[in-house]
Amino acid sequence: MPSSTFHVLIIGAGTGGLALAQGLKRAGVSVAVYERDRTRRDGLQGYRVGIDADGKRALKANLAPELYETFRATCAERPIYENQMTHKMKYLLSIGPDLLTEEEQPSDEEQDESVSRMTLRQLLLTGVEDVVHFDKEFTRYEQHDDGKVTAHFTDGSSATGDLLVSGEGASSRVRQQYLPHAKLVDTGLIGVTGKTPLTAETRALLDERLFKGVTLTHGPKGAICIFHVMRFKWDTDGELKNGIGGTDAEVISNWPGMLYDNSRDYIMWGYATSDWWLPENIMTMRGQEAQDLVLEMTADWHPNLRRIFELGDPGSSFPLAIRTSEPIEQWETTNVTLLGDAIHTMTPGRGVGANTALRDARLLTRTLARAAKGEMTLLEAVHEYETKMTRYAWDAVIKSRAQMEGHTAAHKGGLSGALARAGMRAFFRVADTVTPIKRKMVLADKSFRGTGREDD
Ligand SMILES: Cc1cc2nc3c(=O)[nH]c(=O)nc-3n(C[C@H](O)[C@H](O)[C@H](O)COP(=O)(O)OP(=O)(O)OC[C@H]3O[C@@H](n4cnc5c(N)ncnc54)[C@H](O)[C@@H]3O)c2cc1C
């Protein structure tokens, strides 16, 4: 079989870009990544990312086996409850570990994991440090008649290759130049996220299901807040906790990425509400100011939940306008392509943004590896990727948006808002007591998150 050589330029060392670099390097394809952050520790707020069956399958395919083991060892403890709760800490719906039968349970490989975003970045950088260039902010590209493409950076430098892949996230400049009609729209929801260190005091604020679960809290006027306790295998000094031994201990101790990872046990929270109810200057607020606003907005919430906000690390709080892509028709394939949020930004509603970016990275790695072996041309490889990616990604964009819209009846004041919220709460309460409905919800969600899926 003939083989081809080509060089791939990736813009952005995020989840998708780095997973692609990992896969391409392993497949023997020449690759370079350009990241605007100045160093490997910059730029990332430490919120947690849920990695589902699709994400795990992609990581397993693209990472060296020992690095995949490191991923498994550096994940936080798996949540065992999925809860819906009122802002007064009354449970509406709680899904525990015993709901599904043994045959219905996803396999160990398909179970969701939770990882700190900083840990994931350090993991994905391991072994590809030599091809990642920091402090390189991309500005524009040029496509040449000979099939090459050049990326330009703010420092005046440039890089030329055969394929340019945007992994720049939601504000992708490649997308703005390449597909200017692909727009991001506001959902009308604005979030403020934060991290509260897990201490004896904050642990005492949580009951068992909150402590060991992922909990979505529903407040007045459609406000929501997700809580998730992230517990790692290492303590506040970065030393292995008591009881951690065997392979995990060995893998974590030998992993150089740990030196750069500052993730420690914390309660992650993400509050979101309609922009109807927020001050106009919300997007300029940072740290303590953003946290104080959450406290103001949640004045009538349960004191334990408010105490969690109060004890949050101000440095971890920032506002986030929740935006989404709108699906577009597939475009003509060239030597520029996109993956992850750069092409399909989605709301956090279904928790699959990073997983879809990882799925893209796996698919593009596979088609490019075939092109490298001479089984197809480079453009055929990109076209196959784009055809499959747009199919599953737009589906995920649409379903994620359906979960998070800020200008619906549930966000209104007055009687119509109260009725919409009462209807939703009644649905959760019924589902909580009618086991077949609960099981159906869980099984549908697992299949959306990649359980049982074979291949793209
Ligand atoms: C609060 C929150 C919670 C989330 N939780 C989940 C979850 O539980 N599960 C899940 O699947 N997804 C989740 N997501 C979504 C997920 O974080 C994103 O979908 C995912 O990170 C997208 O990966 P990416 O590689 O496309 O982009 P990113 O990971 O955003 O990476 C983009 C990279 O490009 C760099 N960059 C940007 N512009 C330039 C430039 N001009 N030049 C050079 N470099 C540039 C950036 O610095 C960054 O490193 C969440 C998102 C948010 C906001």
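Predicted model: local features only at pLDDT ≥ 70, side-chain atom pairs only at ≥ 80, totals over all residues.
A residue counts as buried if 20 or more other C-beta atoms lie within 10 Å of its own.

**View 1. Strand E15, an enclosed strand.** Strand E15 covers residues 266-274. Eight of its nine residues are buried, so E15 is largely enclosed by the rest of the structure. Strand E14 (residues 224-230) pairs with E15 in the antiparallel sense. Seven bridges hold that pairing. Methionine 230 has tyrosine 266 of E15 as its bridge partner. Strand E12 (residues 184-197) also runs antiparallel to E15, and nine bridges join them. Here threonine 193 has glycine 270 in E15 as its bridge partner. Helix H10 (residues 303-310) lies across E12, strand E13 (213-218) and E15. The angle between H10 and E15 is about 105 degrees.

**View 2. The seven-stranded open sheet.** The strand order is E5-E4-E13-E14-E15-E12-E16, and the pairing is mixed. E5 and strand E16 (318-325) stand at the edges. Each has a single partner strand, so one side of each is left without a neighbour in the sheet. Neighbouring strands are turned by 20 degrees against each other on average, direction ignored. E12 pairs with E16 in the antiparallel sense, over eight bridges. Which residue of E16 is the bridge partner of threonine 193? Phenylalanine 318 is that partner. On E15, the partner of threonine 193 is glycine 270.

**View 3. The three-stranded open sheet.** Strands E8, E9 and E10 form an open sheet in the order E8-E9-E10. The pairing is antiparallel. Strand E8 (138-143) and strand E10 (158-161) stand at the edges. Each edge strand has a single partner, so one side of each is left without a neighbour in the sheet. On average, neighbouring strands here are turned by 20 degrees against each other, direction ignored. Strand E9 (residues 149-153) pairs with E10 over four bridges. Threonine 150 stands opposite threonine 160 in E10.

View 4. Strand E1 (residues 7-11) and strand E2 (residues 30-34) pair in the parallel sense. Five bridges link them. Valine 33 has valine 132 in E7 as its bridge partner.

**View 5. The shell around the ligand.** How many residues surround the ligand? The count is 34. The closest are Gly12, Gly14, Gly169, Gly340 and Gly353. H1, strand E3 (48-51), helix H11 (341-344) and helix H12 (353-372) each supply at least two residues of the shell. H12 gives the largest share, four residues.

**View 6. Proline 97, a loop residue.** Proline 97 is found in the loop between strand E5 (91-95) and strand E6 (113-116). Is proline 97 buried or exposed? It has 11 C-beta neighbours inside 10 Å, so proline 97 counts as exposed. The cut-off for exposed is 12 or fewer. Isoleucine 80 lies 17 residues away in sequence, yet the two C-alpha atoms are 5.7 Å apart.

**View 7. Phenylalanine 427, a helix residue.** Phenylalanine 427 lies in helix H14 (residues 414-433). With 14 C-beta neighbours inside 10 Å, phenylalanine 427 counts as partly exposed. Proline 303 is 124 residues away along the chain. The C-alpha atoms of this pair are separated by 26 Å.

**View 8. The whole chain, for orientation.** The protein has 15 helices and 17 strands. Its radius of gyration is 22 Å, close to the 23 Å that the globule rule gives for 456 residues, so the protein is as compact as a globular protein of that length. The C-alpha trace spans about 65 × 50 × 45 Å along its principal axes. Of the 456 residues, 42% count as buried. Among contacts with a separation of 6 or more, 77% join residues 24 or more positions apart.

Conventions:
Residues numbered from 1 in each chain as written. Pairing = 2+ DSSP bridges. Rg over C-alpha atoms; globule rule 2.2 N^0.38 Å. Contact = placed C-beta atoms within 7 Å. Axes fitted to C-alpha atoms, helices over the stretch in contact; angles between N-to-C directions. Near = placed C-beta within 6 Å.
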